Amino acid sequence: MNPHPELAALALYSGRDLPLLERWSIGRHLATCPVCSAEVAAFRALSAQPIAENFVPDIAWKPLAEEMRANIRLGLEASEAISAYRRPTPSEERWLNWRAAAMVASLMAVVGSGWWFAVSAKKLDQPVASVVQPASVEATDSGVEIKDGNLTLELRTPASRVSFVSISTEGTAETRYTDAETGQITVNHVYLD
Amino acid sequence: MSIWTKPAALALLALAALSASAQETVLDPASSFKINFPADSPVTLVSFDLGGSKATARGGAVMLDLNSGLLLRNGSGKRIRGVTLLVLAQDFTPGGRASVAVPALDVAPGENFPVRIDLRMLRPLVAGGGPLVQVLLDGVLFDDLSFFGENRLNSRRSLTIWELEARRDRKHFQQLLEARGPDALQRELVASVARLQDRPRLDVQISRRGTLPRPANAPATVYEPDRQVQFSFLRLPDAPIELTNGLATVSGNEAKAPSIDIQNRQSKAIRHLELGWVVRTKDGAEFLAGTLPADVQLAANGKTRVVDEAALRLNSRTGTRVVIDNLVGFAHSVEFADGQLWIPSRAALEDPRLARLMPPSPEEQRLVELYRKRGLKALLEDLRK
């Protein structure tokens with residue numbers, strides 16, 4: 001039997017994206033090779049599945065758009081400033097420092113707004129994208145957390161404590177740790193419903 | 001020509017300053033937090049300390065970072081074995097709530113005991129007054145296994161199971177001490193410490209709707225087709241139920257929609273059961289991922305099927321990719337229709353595989369910590385109480 005074609009070639013074959021000659025050659029191989037036929041069938045099954053809503057990557061589109069608009073505005077104003085530039089008269093020079101300060105202030109406002117929308121909003125975990133994420137609970141070394149839309153509730157485990165984490169299918173996440181000061185056991189839970 | 005006049009520049013500066021100040025407003029954490037125990041509560045609040053807690057309004061959201069220490073008093077005439085506090089966030093999603101439980105206690109009447117609540121909450125800023133977080137009493141379990149409380153979180157069952165486990169494990173250690181002396185007890189505790197440190201650890205996530213949120217760093221090109229995986233079962237000789245058949249759908253590091261057939265081996269009806277759910281990965285490691293609880297109406301010697309829509313995801317703490325290969329189930333606890341509870345015996349837990357998988361009971365965890373921190377003498381004193 002001929003050697004098996006590359007996996008990439010099989011993927012292209014399954015999507016009818018190969019040139020005629022290669023397609024014919026792989027077709028001949030598939031007629032006698034159940035392993036490669038199964039790969040092709042798997043690729044076809046995969047491509048036939050609808051792309052799930054939650055496959056959209058987790059990108060905060062709104063802040064990105066805000067930031068881009070702000071950058072464009074800044075660029076236009078800078079271009080206008082450069083085209084209108086001429087050597088200032090001595091009386092105008094007195095205001096030069098003010099103009100510089102204004103430039104810096106506006107730049108800071110733009111950068112600050114960008115930071116607030118892009119970094120701060122991300123840190124706050126507010127879902128600014130339009131994708132609706134299902135509510136879930138999570139148990140990690142740092143604690144248990146419930147996330148539902150733009151609401152987050154977390155019970156934290158003190159750092160460096162030995163903890164046991166667990167979940168139950170009824171929608172509960174659990175973490176258990178020993179309090180360093182009292183030696184007491186504390187069990188934290190969050191519940192979906 | 002000047003592009004900006006002085007007033008325009010000043011206005012811009014003022015705007016920038018205003019914008020910066022509007023981003024973060026410090027709120028009073030004490031008014032954001034309320035402890036609300038019933039008038040006839042056997043547990044009363046002595047004091048509470050909010051330490052470095054802070055509440056901040058930022059943009060359209062409010063963030064509460066609560067580090068609270070509550071000092072509670074046993075105002076009843078009985079010894080307290082465990083307490084569960086319900087933590088409710090104002091206007092949180094229906095059902096979204098949390099709890100802080102303290103099992104393995106032994107608080108005499110009139111004695112005080114501390115409870116820590118370390119909470120972080122983020123939610124949209126909404127109009128209206130009232131505290132952001134309320135702490136209510138869900139339940140108290142006493143040494144005679146009587147219970148007080150609203151039991152909204154089924155605290156009665158969980159506190160009673162922890163107390164039964166505590167009695168089982170204390171009895172085991174006391175018998176070991178009597179029969180084979182302090183050296184044997186010490187060896188047993190050292191083995192327990194080693195098991196605690198060697199337990200493989202994973203982060204676990206669950207969604208009730210069968211779909212988990214996609215992680216932000218997940219490569220869009222990785223897609224693992226679903227496959228049906230048959231459960232295998234760990235048989236506990238004294239278990240009142242037998243797990244006969246089970247299936248779940250597995251894809252990569254996710255398992256969902258478990259379905260398990262159960263046979264009641266007792267001549268008593270069962271109203272609630274909890275199954276342990278163990279995951280074996282492609283590289284041969286085994287983890288107790290969680291439990292599958294179910295309210296059932298299982299007649300004496302009858303059969304039933306437990307089906308759930310939930311989806312579970314495992315994430316390695318080292319960043320390596322977890323791929324689920326196999327699933328293992330076992331009986332974790334059973335509640336009979338007459339209210340009696342079954343938990344695995346200590347003999348059943350001596351099985352090396354189960355000993356490796358099951359976390360210690362809260363009481364064993366407390367005793368191990370006592371031994372590590374204060375030595376054998378303190379442990380012996382505790383066991384002789």
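These legends accompany several close-up views of a predicted model.

**View 1. The domains of chain B.** An assignment of domains divides chain B into domain 1 (21-153), domain 2 (162-196 + 365-383) and domain 3 (200-214 + 225-347). The C-alpha centres of domain 1 of chain B and domain 3 of chain B are separated by 31 Å.

**View 2. The largest nonpolar core and another one apart from it.** The largest nonpolar core is made up of 102 residues, and those with the most contacts inside it are A:Val190, B:Val83, B:Val87, B:Val133, B:Val204 and B:Ala289. Apart from this core lies another, of seven residues, which include B:Phe173, B:Leu189, B:Leu367 and B:Leu379.

**View 3. The surroundings of B:Ala289.** When residues up to four places away in sequence are not counted, B:Ala289 touches B:Val204, B:Trp277, B:Val278, B:Val279, B:Leu312 and B:Leu314. Both B:Ala289 and B:Val204 are listed among the residues with the most contacts inside the largest nonpolar core.

**View 4. B:Val133 and its contacts.** B:Val133 belongs to strand 9 (residues 133-142) of chain B, and this residue counts as buried because it has 23 C-beta neighbours inside 10 Å, where 20 or more are required. Leaving aside neighbours within four places in sequence, B:Val133 is in contact with B:Ser32, B:Phe33, B:Leu64, B:Leu66, B:Val87, B:Ala89, B:Leu119 and B:Met121.

**View 5. Strand 2 of chain A and its burial.** All six residues of strand 2 (residues 143-148) of chain A are buried, so the strand is largely enclosed by the rest of the structure. From this strand, A:Gly143, A:Glu145 and A:Lys147 point one way, whereas A:Val144, A:Ile146 and A:Asp148 point the other way, and the residues on both sides are buried.

**View 6. The two pairings of strand 2 of chain A.** Strand 1 (residues 136-140) of chain A pairs with strand 2 of chain A in the antiparallel sense over five bridges, and these two strands form a hairpin with two residues between them. Strand 2 of chain A also pairs with strand 3 (residues 151-156) of chain A, again in the antiparallel sense, over six bridges. A:Lys147 takes part in both pairings, being the bridge partner of A:Ser136 and standing opposite A:Thr152 in strand 3 of chain A. In the hairpin of strand 2 of chain A and strand 3 of chain A, which likewise has two residues between the strands, A:Gly149 takes a positive phi near 60°.

Definitions and conventions: Residues are numbered from 1 along each chain as its sequence is written. Chains are lettered from A and ligands numbered from 1 in the order in which they are written. This is a predicted model: local features need pLDDT of at least 70, side-chain atom pairs count only at pLDDT 80 or more; totals for chains, interfaces and linings use all residues. A nonpolar core is a set of buried Ala, Val, Leu, Ile, Met, Phe, Trp, Tyr and Cys residues joined through C-beta atoms within 7 Å. A residue is buried if 20 or more other C-beta atoms lie within 10 Å of its own, exposed if 12 or fewer, and partly exposed in between; C-beta atoms are placed from the backbone. Two residues are in contact if their C-beta atoms, placed from the backbone, lie within 7 Å. Helices (H or I, at least four residues) and strands (E, at least two) are DSSP runs, numbered from the N terminus. Two strands pair if DSSP finds at least two bridges between them. Domain bounds come from an automatic or database domain assignment.
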